[in-house]
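Biologist: I would like to learn how to read helices and charged pairs in a model of this kind. Could we go through them one feature at a time?

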Amino acid sequence: MRDFLLSIGAAQWVLPAMLIWPMAAALLVRFGGRDMSRNEDGTEAPSGGPDARMLTLAALSIEALLSLALWTVFDPSATGWQARVDLPWLTDIGATISLGVDGLSLPMVVMTALVLPLALLGSWNNVRLRTPAFGALALMLTTGVIGVFVTLDLLAFYLAWELMLIPTYLLIGIWGVAGHSRASLRYVLFTLVGSLLMLVAILALWTLGGSSSFHLDQLMGLALTPRAQLWMFGAFFLAFAVKSALVPFHTWLPDAQGAAPTFAAVTLGIKVGAYAILRFAIPLFPAAAMEPTVRGTILALSVIAIVYGALLAMSQRDMKRMVSYSSISHLGFIMLGCFALTQQAVQGAVVTIVNSGISTTALFLLVGMLEDRRGTTDMAGFGGIAKVVPMFSVMLTLVMLSTIGLPGTNGFVGEFLVLIGTYAERPVLAVIATSGVIFAAAYGLGALQRVLFERIDTAKNGALTDFTGRERVVMAAFAVAIIYLGVSPQPMLQRIERASQNIIESVRFGPNAATSLPNVSVVR
C-alpha cells in the first residue's frame, strides 16, 4: 500500500487535501444537506437532499482515510519534515503555506482525524436542530485543528489557531445546554486574550528576523537576547496554557465542556495547546523555557494540576465535569513531560496527548449516551444500571480503567514514561505526581460504583436501553484502540522517537540555547 500511495504522489498532496477537503465539504453540508429535525416537535424537515449528518459523517470519514494514508507514507527512519508542501502566499512579507509533519505531529493528526467521525457517530442524536449549520461548523473546526498540527509557518499557524475559536464558540453558544451563553463567552475571552499576545510575539519575532519569513525553521535560527526570549516565551506560553486549561488558567474548561454538545466537548479536550508548546514555545525560546525559575514554576504548576485536577474530579457529582477535571489532571502529566525534557518524558507527553484524546472522547460519548437517555449527567440520578445496560457498563469500566492508567490500557503507557523520565531530573516532583494516579483511581472507581453498582432506581433507570447497533460499532473501535495501544505502543513510539530527540537537541545546542543549562538529558 505504501508503494502505491507513493506512486500516486500522496506525499505531495495529502496534507493540502486534509485542509481543503473539510472546508469544501462544509459548503456542501451547509447548502446541500437536509435538516432532519428542524422542527421543535422532532418532525422531519420538508427540505430535500441527503441528511446533513450523513454528509458530515462521510466528509469526516474521508478525512480519516486521508490521515491513514499519511500514516502509511510516513517513514519513521527519515529525518526532517515529511509530506512537505510549500506554497506561496503573502510573498511581500515572507509568509507561505508551509505544511509538513514529523513524529511529533503525525500521531496527533491521525488521532484527531479518526476520533472526530467516531465522536459524531457516537453522538448522532445529540444535535437534531439546524444540523446543516452544525455539520458545516464541525468541518470548519476540523480544518482548524488539523491545521494547527501541520502548519510550519507561524502566521498560517495563527490563522489555524483562530479558526478553531469561532466554530467552537458557535457550537457551544447555539447548541449548548443550560449556561451555554456564559460558557461560550468565557471560552472566547480566555482564548482570545492569550491569542492576541501570541500574535504580538509572532510579529516581534518576524521583525527581529529581518521581516523576511514566518517559517519555523528560519525563526529557530535567530539569535535572540535572553530578555527577548523571556518576553516572547511568556506570550506564547500564556496562549497555549490558557487553551490547554493548565492550572490556574483552567476555570473555563469545565463550564465549556459541561455546556457544549458532545462533539464540541470532544474537540475542546484535544490538547492542541500542549502540542504547540512542544512544537513552537520550547524550540523557539529554549533559554527562556529552561531558565531555572521559569522551568521550576511550570513544573510545579504541572504537579499542582495533576493533584488538584484529580481532587476536584473526586468531588464532582456531574459526570461531564468529572471528565473535564480528569482531563486537567492528565494535562499536568503532559506538561510535566514537556518541561522535564528527557527522551522518555517527552515521548510520554506525546503519547499521553494522543491517548487522552482517545479515552476522554470515549468518556464524553458514554456520558452523552446517558444524557440522551435520561436527560441528566448527575451521577446521583443513576445507580445499579449494570443490571440494565451490561454492554454499556463493560465499556464504561474499560474506558475508566484506561483513564486512571491501568497497565494494559493505553492510559498507562504515556503516564509511566512521563514519570520515569521526570524521575531522572526531578525525583521529588515525580513522586508527588505519582499520587495523581492514586487519586485518579479514587475518582474513577468511585464514579463506577455510584453509576453502575449502587441501588437502582427502577422507576427512573429500569427502562434504560443498552447500546444500539451504531453505538456498538463506535465503542468497539474505542475498545480496540485502548487495548491495542496499551499492549503494543511501539509503532507510535518509533515515530515519536526521532522528533523528541530533535526537540531536546534544539534546546541543548540551538542558537538560542542557554549558556548554562540545567540538567536536560536524553534518557534511554
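This is a predicted model: local features need pLDDT of at least 70, side-chain atom pairs count only at pLDDT 80 or more; totals for chains, interfaces and linings use all residues.

Biologist: With which residue does the side chain of Arg373 meet in a salt bridge?

Modeller: A salt bridge is read from a side-chain nitrogen of Lys or Arg within 4 Å of a carboxyl oxygen of Asp or Glu. Here the partner of Arg373 is Glu471, at 2.7 Å from N to O. Arg373 belongs to helix α16 and Glu471 to helix α21 (residues 469-487), so the pair ties together parts that are 98 residues apart in sequence. Glu471 itself is buried, with a relative accessible area of 5%.

Biologist: How many residues does α16 have, and how many of them are buried?

Modeller: Helix α16 has 32 residues, of which 29 are buried, and is thus mostly covered. Just after α16 comes Gly375, which takes a positive phi of about 75°.

Biologist: Within α16, is Thr361 buried or exposed, and which residues is Thr361 in contact with beyond its neighbours within four places in sequence?

Modeller: Thr361, which lies in helix α16 (residues 343-374), counts as buried because its relative accessibility is 2%. Leaving aside those neighbours within four places in sequence, its contacts are Val115, Ala119, Val266, Ser356 and Phe478.

Biologist: How many salt bridges does the structure hold, and which residue forms one with Asp255?

Modeller: The structure holds 8 salt bridges, and in one of them the side chain of Asp255 meets that of Arg321, at 2.9 Å from N to O. Asp255 lies in helix α10 (residues 252-259) and Arg321 in helix α15 (residues 319-340), so this pair ties together parts that are 66 residues apart in sequence. Asp255 is buried, with a relative accessible area of 18%, whereas Arg321 is partly exposed at 25%.

Biologist: And what does Arg84 form with Asp86?

Modeller: Arg84 and Asp86 form a salt bridge, with their closest N and O atoms 2.9 Å apart. Arg84 is partly exposed, with a relative accessible area of 33%, and Asp86 is partly exposed as well, with a relative accessible area of 42%.

Technical notes:
Residues are numbered from 1 along each chain as its sequence is written. Side-chain values use heavy atoms; hydrogens and water are left out. Helices (H or I, at least four residues) and strands (E, at least two) are DSSP runs, numbered from the N terminus. Buried means under 20% relative accessible area, exposed over 50%, partly exposed in between (1.4 Å probe, protein chains only). Contact means heavy atoms within 4.5 Å.
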